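Here is a short report on a ligand site and the sheet beside it. Look through the sequence and the model before reading on.

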Amino acid sequence: MTDIKSMTLDELKADIEAMGEKSFRAKQLYEWMHKKLSRSFDEMTNISASLREKCKERYEYTALRAIEIQESAIDGTKKYLFELSDGNVVESVWMKYKHGNSVCISSQVGCRMGCAFCASTLDGLERGLTPSEMLDQIYSITLLTGERVSNVVVMGTGEPLDNYENLLRFLKLLTCEEGLHISQRNVTVSTCGIVPGMRELAERQLQITLALSLHATTDEKRRKLMPIANKYSIAELMDACGYYFEKTGRRITFEYSLVGGVNDTKEDAEELIRLVKPLNCHVNLIPVNPIKERDFVQSEREAILAFKNKLEKNGINVTIRREMGRDIDGACGQLRRRHNKQRQQ
Ligand code: SAH
């Protein structure tokens, strides 16, 4: 069966015509799915019962089911655990900011990138998410909160550039006029640094923000935290970032998770400045969120502030990421992991 929610409007038109139906039906179906966010064909009241039946036979309809919702008592952040049609689960996060609501979605079930501080990768990769499974995290949360989503960050479980074709299709559906029509400028894709994927994305000349998880300033240190550093050097990463800016005019975001005693010294800050200074960029400092499977600790508050001040004094745009949802399995992959553990028992 074809996954109808992953089809573009043009593809759907062609398919509907091939079924012997009028092509405007495709637009109606598309709007029911991507604008009115219906959960099934049965909700589509201006589509005849007979066409709805035909659609049920021909298409698979993705509608994720929220099986657990946690709400932070500190900042109202909500974390959702969704069940997919094959029984796998993924997590997504809803955050309320002054400038609007933001949803952080997963791009894969699990991850094979192996970053040392990250809970999403501990059990490896199960599979990539389909475009409709990525979209429906946003659609379901919109329905559940009753509030419009203005920003989407692909920063949950998974490496988006390891699921490249599905990611591109997802971006197209998310930002198209006939759907939710989220502005490309309000979408961020975060990567651990798959250089060929970064370059291919640059070629597309989209207006999305590319975030690079850097986390270390020398190849040697980076290899200890991120296995992908064995494949691509920091020099190659910086070149790819420069290329992305050249092609899109979009400022790069560097993510730097501060790990106590590992990457948070004065020398680290100086080295980071040297690396990113030539680029038009923004640095996001993330106090590492300790996971119990690893003994990484957060940097001291003073070390974090000193790190930030040093960057600022050197003219670099920097923010310390607010730690949203610390009380609700905030770190990447923790909720899904706890759920799977409980299910095994
Ligand atoms: N695979 C992508 C996106 C997912 S992770 C990537 O690597 O960018 C989103 C961000 O959270 C990345 O910068 C990642 O390195 C960081 N991260 C993961 N686990 C973390 C933790 N326990 N504490 C702090 N940051 C973490």
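## The ligand and its shell

The ligand is surrounded by 17 residues, and Gly158, Ser190, Ser213, His215 and Asn289 are the closest. A residue counts as near a molecule or strand if one of its heavy atoms lies within 4 Å of it. This is a predicted model: local features need pLDDT of at least 70, side-chain atom pairs count only at pLDDT 80 or more, and totals for chains, interfaces and linings use all residues. Residues are numbered from 1 along each chain as its sequence is written, and side-chain values use heavy atoms, with hydrogens and water left out.

By class, the shell holds seven nonpolar, eight polar and two charged residues. Here Ala, Val, Leu, Ile, Met, Phe, Trp, Tyr, Cys and Pro count as nonpolar, Asp, Glu, Lys and Arg as charged, and the others, Gly among them, as polar.

| Protein atom | Ligand atom | Distance |
|---|---|---|
| Ser213, polar side-chain atom | oxygen | 2.5 Å |
| Asn289, backbone N or O | nitrogen | 2.8 Å |
| Cys192, backbone N or O | oxygen | 3.4 Å |

Taken alone, the ligand exposes 530 Å², and the protein buries 93% of that. These areas come from the Shrake-Rupley method with a 1.4 Å probe. β10 (187–191) and β12 (252–258) each give two or more residues to the shell. Strands are DSSP runs (E, at least two residues), as are helices (H or I, at least four), numbered from the N terminus.

## The sheet

An open sheet of 10 strands runs β3-β4-β5-β6-β9-β10-β11-β12-β13-β14, with mixed pairing. β3 (65–71) and β14 (317–320) stand at the edges with a single partner strand each, so one side of each has no neighbour in the sheet. Two strands pair if DSSP finds at least two bridges between them. β11 (209–213) and β12 pair in the parallel sense over three bridges. Ser213 stands opposite Glu255 in β12.

Note on methods: A polar contact is a pair of N or O atoms within 3.5 Å; within protein, one must be able to donate a hydrogen and the other to accept it, and residues adjacent in sequence count only if both atoms are side-chain atoms.
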